[in-house]
Amino acid sequence: MSAVRPVGGGSPWRLSPHGVRVVAGVEVRRLLRSRAWLISLAVWCVVVTGLTVLLLGSVGSTGGSLSDSGIFLFALVAFGVLSLGALVAPALTATSINGERRDGTLATWQATLLTPAEIALGKLTAGWAAAIALVLGATPSLLLSYFAAPAMGVGRVFSTLGIVMLTLLVVVTIGLAMSAVVVSPVTSTVVTYLLVVALGLGGPMMFGLTVALVTTEVEVTEQRATRFDPVTSRPVECRPVTSTQNLPRTDLTWPLLAGSPFVILADAAPRLASSSSDLTTFDVLGGLSAAVRQARLGPGAGYDDCDEAAASVDQAARDALPPVWGWGVLFLLALGVGSWLLTVRRLVVPIKRLSRGQRIA
Amino acid sequence: MSEGGQPGIGHAGIHVRGLRRTFGSVQAVAGMDLDALPGHVTALVGPNGSGKTTLMLMIAGLLAPDDGVMRVAGFDPVRQTAAVHARLGWMPDSFGAWDALSAREHLVTYAAAYRVPRHLVDARADELLQIVDLQAWSDAPARVLSRGQKQRLGLARALIHDPDVIVLDEPASGLDPASRVALRHLLRRLAGDGKAVLISSHVLSDLDEMADEAVYVLGGRTVRADQPAGDSNGPGLIWRIRSLDDAALVAALRAQQVLSVPAPGGVGVEVALAGEAAAADLLAALVADAVPVVSFGPAGGRIEQTYLGLAAARAQTLSMTSEAAPPGPPAPGAVIGWVEEQR
C-alpha cells in the first residue's frame, strides 16, 4: 500500500476536515442506530409540542385573550424549551469520552493518525447535530405560540431559536470536556448537570446573595418635582436634589446576571413591534431585559420626575439602555472554546500523568 | 548493552532500553530491555501484572515512559508519535468495538483514520476480513460477534494500514483452536514479509511454535531473552516420561532416587530435573535398566520450561529476601498460582 506516512511527531492541534469527518461519521451512525436516542427525540418533540398546545388551550378556554397573553405564553414556552433542552443536552456527550475509555474504543482511536483535536471536534460535531435536532423539534412550539400573538413580531422566534441553540451547543461542549476530565461516566454526567444548573441559575442566585455585600452609601442626584400641573397633577418643573443613599452597586455585580442563558434569551429578544401598553404588561422577556440593563447602570442614574420615560421600567426606558446579551454570548462562546481546548488536552498521547482509576486501553 | 546505547538502535523493529514507568507508588515497568527484529516473531512472556501491557502501551505511543529509550521502526514513540502510529499495528488485550457498527464499517473507518488511500480501502478490508475469517459476519453489527470474533476483528484492525511493526497484546485469548492455528500461520507469514512482530500470550505452546525469540518479564523487568529452539543450557524443570510398563518405570526412577508424580491426564509420569544434562543422564539410566520408554521430553514447550524455571528461581529469591523485597514484583504465591493455572 502506498499511504503517505508522516515522519514527524504531528501536532495534537492539527485539524483536517477528513479527520473530523471520520470521527463524526462513527458518532452520527451510532446515534442514528440507537433506538434509545430516536425514541428520546420523538418523546422530546411530543412533550414540548404537547405542553405548548395545552398551555395555549388553557388560556383560550378560560376566556382570556390569546393575543395579549400570547406574549407571556411565548416567554413561558421559550424558557421552557431552554430549560428542557439544557436538561436533555448533557446526556448527548457527558459520557462520550470516558465511556469509550471504559469500552476500550478510545485508545484504538488514539493509536491512529487522528489528532486529539480531530477526535474532540468530530465528537462535538455529532453532539451538536443532535442538539440541533432537539432545537428543530422545539421549533413548532415556538411558532405555535408566536401565532397566538403575532403582534410581538417574528424576530423573537429567531432570537430565541438562536440563543437556545447556542446554549445547547455550549452545554454539549461542557459535557464532552467533563467526559474527558472525569474518569467515571456517572460522575461526569452529574458534574455536567451541576454545571448546567450553575450556568443557568448560579449567576442570578449569586447576584441576589451579593446585593447586601455591595450595598454602600452612594451620592445620588435626582430631579425632584417642585411644581405640579394643577389639572393633571403631573410634575412640570424639577430641580436637582443631591442626597446620600444606601444602594446596591449592581453595576459591579451585573456580569453575574449576564451569563445566564435565561437573561441572554430575554435581552436578545427584539423589542415589541407595537408599543401598546396592553402588550408590555405581559412582556416578561422585555421586563427581565430592562431590569438587567438597569442593574448594569447601577445606582448612579437617579430618578427624573419630569421625564416619565426614565422614571419607569417601560419600553422606551429599556430601549435607551445598552444591551447586555452580547456580553452573555461572548461568555458562552468563551466557555465553549475553553471546554474544547480542555478536551483536546486530555486526549493527547502519549499520556504522561494518569488519573486515579483511568484506563488507557 | 549500555543504557541508551546506539548499537542496534537503527533497526526497523522495536528497540527498548532501560524503560521505566510508575503509576503512583507502583513501579509497573522497572527496567526493560527488548529488541524485536524485523522478520522475527518475538514472544513476551510473564505473569499477570508483570508489566507486559504497560510496555506495549509505551511502545504504541499511548503512554509516556518515565525514563528509557525506545525506537519503533526507527522513530521515537514519545516525540514522533504520529510517525510511529503510521507504522505500528497495535492490538490491545481487549479490543473494544462499537456495537452499532459492522465489522466492515470498523475496518473502513480505521483505514480512513490511518489515511489509507481511499481507492485501496475496500480491497484491503475484504482481504483482512478473509484473513481473519469474518467474511460471513462482515455486515453484522459488532454486538452480535462473539469474544473470539471480536478478537479477530481487532487483529484485522491492527493490520489495516499494513504496518511494519506489529504489537499484539494477548491476541489468542478467546480464540478457538482453529483460529489459534490460523493466527500462528498469519504471524509467521507477516514475519516472513519482513515485519517485526511482538506478541504476548499465556498460551506458551503456541508461542513455542511461532516465536523466534522470547523475552521473559518478571516484576516489571525483562529478566532474560533467548531463542526458544536454540541454546541447550537453559534450566529444565518438569519432564514427562511415558513407558509401556509404568510399574517398571516408577521402580527404575525410585532406584535413581528421582521423585515422580503421575502426569496430568494419567498417561506417564512427571519428574523434576535440574537441567538438560540431568535429563540425558536419566534417560540413559532408564534405557540401561531396560525400561520400555516410548517418550521422554519436557512437559510443555521450551518457553514454558524456561519461564517456569525463572519464576521458580524468582520465588526462591523472594522467599529468601522477603523482608527486603521491592514492592513491585509479584508475590511468590502469584507465580505459583499462575503455574497451576497452566498445568
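Why is helix α12 (residues 261–268) of chain A largely enclosed by the rest of the structure? The points below take this up along with the contact between the chains.

1. This is a predicted model, in which local features need pLDDT of at least 70, side-chain atom pairs count only at pLDDT 80 or more, and totals for chains, interfaces and linings use all residues. Residues are numbered from 1 along each chain as its sequence is written, chains are lettered from A and ligands numbered from 1 in the order in which they are written, and side-chain values use heavy atoms, with hydrogens and water left out.

2. Helix α12 of chain A is largely enclosed because 7 of its 8 residues are buried (under 20% relative accessible area, 1.4 Å probe, protein chains only). Among them are Pro261(A), Val263(A) and Asp267(A). Helices (H or I, at least four residues) and strands (E, at least two) are DSSP runs, numbered from the N terminus.

3. Helix α5 (residues 96–103) of chain A is mostly covered, with 6 of its 8 residues buried. Asn98(A), Glu100(A) and Arg101(A) are among the buried ones. Gly104(A), which follows α5(A), has a positive phi near 80°.

4. The contact (heavy atoms within 4.5 Å) takes 41 residues from chain A and 46 residues from chain B. The buried area, meaning the accessible area (1.4 Å probe) that two parts lose on being put together, summed over both, is about 3600 Å², and carbon and sulfur atoms give 62% of this. Leu62(B), Trp98(B) and Arg115(B) supply 19% of the area that chain B buries against chain A, more than any other three residues.

5. Across this interface the rule finds 3 salt bridges (a side-chain nitrogen of Lys or Arg within 4 Å of a carboxyl oxygen of Asp or Glu). Arg115(B) forms a salt bridge with Glu118(A), with the closest N and O atoms 3.8 Å apart. On the side of chain B that touches chain A, β1 (14–23), α2 (81–87), α3 (103–113) and α4 (118–131) each supply at least two residues. Of these, α2(B) gives the most, with 6 residues.

6. Strand β1(B) is itself mostly covered, 7 of its 10 residues being buried. Two strands pair if DSSP finds at least two bridges between them. β1(B) runs antiparallel to β4 (residues 67–72) of chain B, joined by 5 bridges, and Val16(B) stands opposite Met70(B). With β2 (residues 26–36) of chain B, β1(B) pairs in the antiparallel sense over 8 bridges. Their hairpin has 2 residues between the strands, and Gly24(B) takes a positive phi near 60° there.

Definitions and conventions:
Buried < 20%, exposed > 50% of the residue type's maximum accessible area, 1.4 Å probe, protein only.
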